[in-house]
Structures are given as structure tokens and as C-alpha cells.
Amino acid sequence: MSYLIEAKHLSKVFKDKESTVFKKKEIIAVDDVSLTINRGESVGIVGESGCGKSMLGKMLVGLTLPTKGSVNYDGNEISKLPYSEIKKLRPRLQPIFQDADSTLNPKFTVKKLIEEPFVINDISKSDANQRIDELLSYVNLGKELYGRYPHEISGGQRQRLGLARALSLKPDFIVADEPAASLDSSVQAQILQLLNQMKSNHGLGLVYVSHNLRIVSMMTEKVNVMYLGSFVETGDTQDVFDNPVHPYTKMLIGSVLTIDGDKRKLGKTKVFGEPPDPKNRATGCAFHPRCDCCTQICKEERPILKKVGDKNRFVACHNM
Amino acid sequence: MRKYKVKTKKQQKNLIWIWSGLLLILLILIVFSPYIFPDSNTINYELQLQKPSFQHWFGTDEFGRDLFSRVFNGMRTSLMYSLIIEAIALTIGLAIGLLSGYLGGKVDGFFNYIMNVFQAFPTTIAAIALIAVLGTGDLTLIIVLSVMGWVAYARIVRSETLIFKERDFVLGARAAGGSSAYILGKHIFPNVLLPVLPLATLMIGHGIMAIASLSFLGFGVQPPNAEIGLMLKDSATFISRAPWLLVGPGIVLAMVVALINALGDAIRDKMDPQKQMMEI
């Protein structure tokens, strides 16, 4: 059986504005990333701001084409399909965006926004209305909002509306880019539960992009830790969080704040150094300027993902 | 510290009514001027260069024609031509700006090059050169000013399109299966139109001025037809003997342009749903 989504050696490279004919400057947003997602499986991607998480997500749903590499959906390579096939495929792959404000067209009313996916795909009015009723009750929104514009409803309502739109065409695969970041805890729980439900009932494949490690540990079965465009540690979520191997993973997990203070902190590694600048990538291991167990080889040679232990665990580090 | 007096919503509304009322009166006079003042081209040498009076509010010109009626006759020509010019320029500008911004790459580069060429030319000089080739005439005037006018729209539309095409709602519509035509028409176009409309109304005033200046130089509307620029040119000859000849046309020109601009702002506020929210 083929994977729902299989990404092979994805890279996304941007030309830097400062580059000239003589000196080519590139910004590598995503660097040689491979991952697979099964039906009914949820995979987390964590990392600092600007490490390429969102760009990776956009490539997975086919909204941006990778510079190198390929994304396969159900065994078909998305970038090689003819336009008519892609149009049919699009509703199967849905993004949920980080910023609810910019997800909704400010000129559309709530009614128009919720109906839009059905209008685009020529779905009959009666079918659409039935589905809309279902969706609105899912995300707990009422029809009294129909006449309002996006700026006239609350941030939580906007986010839930965005979610309803993403779910409206019954997708197989969702990339959720921080869907809960702008919500308060109670609504957050509702949204996450809803996503979990969709996952187990409809076999939805989910990629959860976030820097909120606690939500990722709750929501996902596998996790990929990303640093400056590439994965530094991948494995089963529970395993990675209980026993982080890569110094960066240790640092991330050590930085999680908990209500009961230090008790549950896993690593004692403190966060230090600044988030990296993708324009001036460090030689060797990208993380070495911030790493406290950095050796000579880290500065010279780039580590690749290697299997660690007997579980499904890969780590890119020289000092394991 | 200075204290700013904030206008309440009611005061703002009253202000809009006053502006629209004034504009309406002017527009009625302008639009129906051939019926209100049918004999504005009648020459009467006995009434040459008279001072403003109750019969002739703005005085009379060197042929004894009533300046008041000629001003509105002239404004009618200017306003009509300006509307046509801006409509053509806006259409070209929107089409090129949307395509250039949305498609990007080589198309964008090509259109940018063309826009630079057009913008590098001083409008009046380019217009005079074109008129010299095509010959004077009202149709030439319209063509020339439309050809010179679209760049301003295209630039704004292009830059706004660049902003909106990266917004998440455009990606969302694409993810839902929307085609490029759908996204351009339903998502980008309505959002781009908002910043362009005030410019369009501003440009109507600008168009009136451009027609007037070309006529002033003798390249636009030809006598005996009335046109503000033409009238100002004729009045300038008599500036020492009859300085009041400049006052009437000048005031009406300034008022019409200012009122059209005010109307443009009002339309923008009305069209922006976010602005309406703030006024409550």
C-alpha cells in the first residue's frame, strides 16, 4: 500500500535580492527533507520561527512547487499531473493557516466565505447547505454571523471559520499550520478534538506544524524536529519527547514552560544563542554555533540522519 | 498642546450632504448647460469685456459672450472627455496591472519596461508630439490622454496585486480548487479596486486639468467651442484690461475638481467595510 503523502528530498531555494550576476546568493528555506504520512496518522513538525516549517507545509499540499524533489499523493506525483487532474486533487489536500486574519477575504461576508469551496467546485445548493449545517455545528458557529465581515467576528471565530472551510470538501490530508495559536485554551481544546475526531473517523492524514511542543506531544504520533530547513531528529513522538538525542531537541524540550515549575523539564539544556540567519548558514552542522557539545567535526562536516536505537528514530548529529 | 476637534458621525454625515448638494447643483448646471444656456456662442460686440453684473455674473468676453454660461458649457466638454479618458485608462491600467502583478516573471518585466518608457515621457510634451502626428481634434485628444494616463493605474494595481496574491485567502481559494481567473476576478480584483477608486476620482480632476492645459496651448478643444483652458487662454490676453475674466472660470474649475476629489474619498469610505466599523 502506498503512503497517503510521500515527500522525497524536498528543497525550496529562493534567490536572494542581493545576488548579482557575479555572485549568486541563495536562501535555502527547505533543504532535502523527506517524510511520509499514512492515512489516519498525524505527524508533527516543530522548530523555531523561520526554520522553514510553513514552507514545507505549503509544498506538501501543493500550493508551492518544490525547487527539487517531489511530493506524491497516493502514488501520483503532484507536480507532474495535468491541470485538470490537479483541480480535482486540490480539495483532497487542505491547508489550515496560521494567521486567521489573512485567511479570509476581507470583502467576503461569512456566508460567502463558508459557501465558497462549494461554489468553486460546482456542488449543488442543497448538498452544500446540508454540509454547511454539519460544518457549522462541528465548529460551533451560528448562522447569525452570516451577514458579518471577517473583521467583525472574533479571532477564535475566524480561526474556526477557516477550519470549517478547510474541512468542507472532506479532505484526506490537512496541513495545520499553528491552527490553535490565536485561540484561548477552551476553544483550542475543541479544535484539536475536532481534528483528532476527523483523523480517527475519516482516516485523515494530518501534519501539525507548531512551536507549541505540548500540543504536538498530545496531537501527534510521529514528530520531526526541524532546524534551518532540514530535519535534525525524527521519530515517534513519545520516544522523542521522553528521550531527546539531538542537542537542539533537548534545548527545545528544555524550554517548555510548565505550570509546576521545573519538575517536568526533561533536559536541563538552556536556550542560548540566536535563531539562525538562513542567508549566512554555518558550515558543517548548522546548529554548531549554538551547541554546547560542539567538536571540530561539527564545524567541518555536515551530519546526515542516522538510525539510532531499535525504534524508528533518526538523528543528524556527530556526537551521539 | 493643541486640541483637535473630532467630528462626530452626525457632523461627518452633514458634511457629506453639503458636499454632495453643492456637487449636484454644479453637475446639473454642467450637464444641462446646452439647454439652460442655449446661446452661449452668440457673438454680440456691443457687450464686449463687461464687468460682472446681474445679467452677466462672470462678465463677458471679447466677443461679448456671457462668460457664466460659457463656463458651464466648457466644463461639460471637459468633464465628459475626462470621464471617457479615465474610464479607458482605468480599464487598460487594471488589465495590465493585474496581469503583470499576478503572472510575474517575464510578463511583469516586459510591462514594467513599457511602464517606465511611458512614465519617463512628460505627459504634456508627449501629448503635443502625438497630436502633431495625428492632427488636432477631440477624438485625438481623448486617445492621447488615455494612452498617457493608464500607467498610474497600472503601477498601483500591480503593486497591490503583488501584495494580495501572497495573502493566505488567495492560497486558500487555490487550495479549494479555484482557477487563476476565479482568484483574479473574485479575490484580487475587488481588493485592488479599493485603493484605485480614490485615485480614479482624483484623476478625473487631473484629466480636466490636462484637457484645459492642452486647450490653453492650442492643442485641445478648438474655438468657437467653449472649454475652460481655452477660456483661460483668451482671458490671459486681456488680463490688464479685464482681470475678472480669469476669476469665474478659475473658481468653477477649482470647485469641480475639489468636489470630485471629496466624492472619491466618500466613495472609498463607503466601500471599505473596515472603515464603516470604525465610525460607530
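The exercises below work through helix packing, a nonpolar core and a chain contact in a predicted model.

Residues are numbered from 1 along each chain as its sequence is written, and chains are lettered from A and ligands numbered from 1 in the order in which they are written. Local features need pLDDT of at least 70 and side-chain atom pairs count only at pLDDT 80 or more, while totals for chains, interfaces and linings use all residues.

**Exercise 1.** Describe how H4(A) and H6(A) pack.

*Solution.* Helices are DSSP runs of H or I with at least four residues, and strands are runs of E with at least two, numbered from the N terminus.

Step 1. Helix H4 (residues 110–120) and helix H6 (residues 155–167) of chain A have axes 8 Å apart, at an angle of about 25 degrees. Axes are lines fitted to C-alpha atoms, for helices over the stretch in contact, and angles run from 0 to 180 degrees between N-to-C directions.

Step 2. Angles under 35 degrees count as roughly parallel, over 145 as roughly antiparallel, 65 to 115 as roughly perpendicular and the rest as oblique. H4(A) and H6(A) are therefore roughly parallel.

Step 3. A:Val110, A:Leu113, A:Ile114 and A:Pro117 of H4(A) meet A:Leu161, A:Ala164 and A:Arg165 of H6(A); contact puts C-beta atoms, placed from the backbone, within 7 Å.

**Exercise 2.** Describe how H4(B) and H6(B) pack.

*Solution.* Step 1. The axes of helix H4 (residues 105–120) and helix H6 (residues 138–165) of chain B come within 9 Å and cross at roughly 130 degrees.

Step 2. H4(B) and H6(B) are therefore oblique to each other.

Step 3. From H4(B), B:Met115, B:Phe118 and B:Gln119 meet B:Met148, B:Val151, B:Ala154 and B:Arg155 in H6(B).

**Exercise 3.** Find the residues that touch the most other members of the largest nonpolar core.

*Solution.* Step 1. A nonpolar core is a set of buried Ala, Val, Leu, Ile, Met, Phe, Trp, Tyr and Cys residues joined through C-beta atoms within 7 Å. Buried means 20 or more other C-beta atoms within 10 Å of the residue's own, exposed 12 or fewer, and partly exposed in between.

Step 2. The core has 135 residues, and those touching the most other members are A:Leu60, A:Ala176, A:Val207, A:Val225, A:Tyr227 and B:Tyr153. Helix H3 (residues 67–103) of chain B gives the largest share, 13 residues.

Step 3. Beyond four places in sequence, B:Tyr153 has contacts including B:Ala89, B:Leu90 and B:Val196.

**Exercise 4.** State which element of chain B gives the largest share of the side that touches chain A.

*Solution.* Step 1. In this contact, 18 residues of chain B face 24 residues of chain A.

Step 2. H7 (168–175), H8 (180–216) and H11 (273–279) of chain B each give two or more residues. H7(B) gives the largest share, 7 residues.

Technical notes. Contact = placed C-beta atoms within 7 Å.
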